[in-house]
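The sequence and the structure are shown here for reference.

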Amino acid sequence: MQKHADFVEFVELTPSAEVRVARHGWRAKCLQRLIRLDLPVPRVVALPCESVRAIVAGQMPDTRAIAARFGPDFLVSVRSSPENPEWGGPGTVLNVGMNDATHAKLVESHGREAADALYLRFVQNYATHVARLDPDMFHDEPGPEALARALAAYEAEMDEPFPQDAARQLAEVLRSMARAWEGTTARLLRQAKGAPPEAVLGLVVQEMALGIGPGLSGSGTMQFVDAVTGQPKITGRFRGQSQGRRASVETLYLTRDPRGASLEEAAPELFEELRHYGAACRRKLREEMQLEFAVEGGRVSIIDAVRVARSSRASVKIAVALAEDGVISREDALLRVEPRALSELLHYQVDPRAPRDRLARGIAASPGAATGKIVFTAAAAQASAARDEPCILVRRETAPEDIRGMHASVAVLTERGGMTSHAAVIARGLGLPCIVGCSDIQISSRDRQLRAPDGRIFREGEVITVDGTNGEVLVGVAEMLEPALDDGFRTLLRWADNVRDIGIRANADTPDDARTARMFEAEGIGLARTEHMFFDEDRLTLMREMIFADTANDRRIALERLLPMQRADFMTLFDIMAGSPVCIRLFDPPLHEFLPHDREGMRELAEALDRPLSEVTRRCEALSEFNPMLGMRGVRLGVTVPEIYDMQARAIFEATIEASRRGAPVVPEVMIPLVSAAREVEIVKTRIDAVAAAVKTEMKAEFTYRLGVMVETPRAALRAGEIAEHAHFLSFGTNDLTQMTYGLSRDDAGRFMNTYVNQGVYAEDPFHILDVEGVGELLLIGAGRGRGARQDLTISVCGEHGGNPESIAFCRAAGFDYVSCSPFRVPVARLAAAHFALLAPRGRSAP
Ligand code: PEP
Ligand code: MG
């Protein structure tokens, strides 16, 4: 290997030494910072990554020169120092330099037992990690003969005595650590943690602080926050005489503790000193650090400091506390919390430390975890809820008639479906943990049982846990962590709102959804799907009467009875949202979804409508379609059966006047689904304008409203220019738009999505992560043509992608006004949007 002119094999860490993270690694840099803070750090020499690379290539640094830095009683540790601590690296080797001479000196100063124990541990480590000998041969407990046996075993295996030359020991340790970094497993492990293939390693050689000796001696760790909650709390351990003298080994609590002796009581000044160092690190390193320290005869050394490992909730708490104490800026605090981690705070989670008995794995469709008894039908779920028994609805897939069963359940599991299947969308809206596409299980609703891939059978009433965060179905009860919507969480999100530059609304259909949206401080409702409002028992019958009406007049009569119910629905939404925008989507699904699917249901319907069964059967058959998702739904119903939209528009406007009279003024947004032609909008708009005019006259009141179009067919995106002439806003329904762009059923894609993603056909599930190349291009075309025709056009996304950080980045860069997502995804979206605003200020970003 060629040396550069400025090649320096190693550098001693002093306050002014030139040390860089990219060259010497995070640990070397961190140790230098501790030295600059005047902390008592034992002498350190850092080897830059070029030296470590050179070692792998067979060119050793001058280990004698390194050893010389540490004086005659050379005893050091060697630790890895990659650029990022997450990337791991070979384990630390302690007590390098230990030989017969040092041992003899230690016997003098610290006693034979301590000296033997130190030497033995080093021989064991060296033999197994450096000389790569069989660990079983060195697996000896400390004792009077153990050291001699280990030295003899080494000599027998290696055909030479244990190396006595400290510089040679150091060279071998450096070589073995440098090579370990290049190993395939190490490489794969760090790449899984985000390390680039070319990631390099630095090494640090540090004088040993033994932590043994007369007086108070030992070693330990100390941190100043709780790793799970993030609350201020001193935790860690201190082991007295920890490197030897087994008889006197004693573990002390750090702080006063009724269970036993503590460092705080045994050595209050030393304890204070450590606390002081901790505070200095927090202030100057701008982070909560865990200190590793040693004490020799009452004197403290700080050996190392690492960032405290933390849970998601602790990361929020710590970031906010650091900013509130003026240690970091609010912007830094925002950037220190990974947006996706917030969703863990909103729900119960299976405690990661608890054991798991996995029954099956599927697509993690809605986060959080819940435990309950298995039920196989919506009716059983409702019965279970009535008995106050938490239940989990297990279905092959769910349909609109299951919604009440879903409401009654604590979690949902389906055999089929993908990220935007019915079960997934509704569960996310309800904040219910949900797993879909769990194709390894077999459900037999008839036998009321579920068969796991390993053959175990689970019957109705047996308890399982759905971990919707990881997509795992677990057997029985699991230990849980509670949600954490505390002050820190709210404060962080308020800061996020101050910097983000794209709006975040929520998709909310029910009063509960709307309240959740408010709780998470969404800026309004971006999509209220109205069809779910018609599945209640009393409304369903009226809907069916309306569907079966023979004349427009009969239909109007049925709809008139639905009107007050629908008006009440909207009034509640307007009241809850207190003047924030509410975007109501007119009726979307095919009508046959409201009809019974089996003979029994049809018989009941015939009875309720007082019509012959044959007629009911015939009408139901007549309404069924080969491709209902591409059939008579959305605006197509609005054009062909206009009375439904008339009723809905009237309900919206009457509720607007009512709600505005008693609260904040409401400007409703009315959205037309599944548009593919401008003429559809024109036709519907004319009727809605007429209804608005009629309501104004009848109620002697004024209001304004905004009419918008849901762009969810490719044609609507392509023709957005002419469509925008009739609309105040366009909202991209990326669920249907993805379905139609790919020609891929959103309800069936789960069956093969895994195979497709695994084989790299799709980089990601496009129903989960917006396909920026295909669907994204349609969004850009639609937005560009829409704005071209109408500058003040509001543009948004209301498909499930709206809650996904990558999709938010795309929409923001494309200049969209807002995204709308399930209420429980709003916090993640708010923080993600803030990240993008901080990392790529507008104007510099591009889609
Ligand atoms: C969509 O298609 O993206 C959408 C939001 O509507 P829905 O999911 O109700 O079809
Ligand atoms: Mg849609």
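## Helices α22 and α23

In this predicted model, helix α22 (residues 599-609) packs against helix α23 (residues 613-623) at an angle of about 120°, and their axes are 9 Å apart. Angles over 145 degrees count as roughly antiparallel and those from 65 to 115 as roughly perpendicular, so α22 and α23 are classed as oblique to each other. Their crossing is right-handed.

On the α22 side, the contact is made by Arg599, Met602, Arg603, Leu605 and Ala606, which meet Leu613, Val616, Thr617 and Cys620 of α23. The residues of this contact divide into 6 nonpolar, 1 polar and 2 charged.

## Helices α18 and α33

Helix α18 (residues 487-499) and helix α33 (residues 826-839) pack with their axes 8 Å apart, at an angle of about 45°, and these two helices are therefore also oblique to each other. Here the crossing of α18 with α33 is left-handed.

Phe489, Leu492, Leu493, Arg494, Ala496, Asp497 and Val499 in α18 meet a set of α33 residues made up of Pro827, Arg830, Leu831, Ala834, Ala837 and Leu838. Sorted by type, the residues of the contact are 10 nonpolar and 3 charged, with no polar ones.

## The surroundings of ligand 1

The residues around ligand 1 are Leu527, Arg529, Arg585, Met710, Glu712, Gly733, Thr734, Asn735, Asp736, Arg746, Cys798 and Gly799.

Among these surroundings, Arg746 places a polar side-chain atom 2.7 Å from an oxygen atom of ligand 1, while an N or O atom in the side chain of Arg585 is 2.9 Å from a ligand 1 oxygen atom. Thr734 takes part through its backbone, with a polar backbone atom 3.1 Å from an oxygen atom of ligand 1.

Key. Residues are numbered from 1 along each chain as its sequence is written. Chains are lettered from A and ligands numbered from 1 in the order in which they are written. This is a predicted model: local features need pLDDT of at least 70, side-chain atom pairs count only at pLDDT 80 or more; totals for chains, interfaces and linings use all residues. Side-chain values use heavy atoms; hydrogens and water are left out. Axes are lines fitted to C-alpha atoms, for helices over the stretch in contact, and angles run from 0 to 180 degrees between N-to-C directions. Helices (H or I, at least four residues) and strands (E, at least two) are DSSP runs, numbered from the N terminus. Angles under 35 degrees count as roughly parallel, over 145 as roughly antiparallel, 65 to 115 as roughly perpendicular and the rest as oblique. A crossing is left-handed if the near helix is turned anticlockwise from the far one by less than a right angle, and right-handed if clockwise. Contact means heavy atoms within 4.5 Å. Ala, Val, Leu, Ile, Met, Phe, Trp, Tyr, Cys and Pro count as nonpolar, Asp, Glu, Lys and Arg as charged, and the others, Gly among them, as polar. A residue is near a molecule or strand if one of its heavy atoms lies within 4 Å of it. A polar contact is a pair of N or O atoms within 3.5 Å; within protein, one must be able to donate a hydrogen and the other to accept it, and residues adjacent in sequence count only if both atoms are side-chain atoms.
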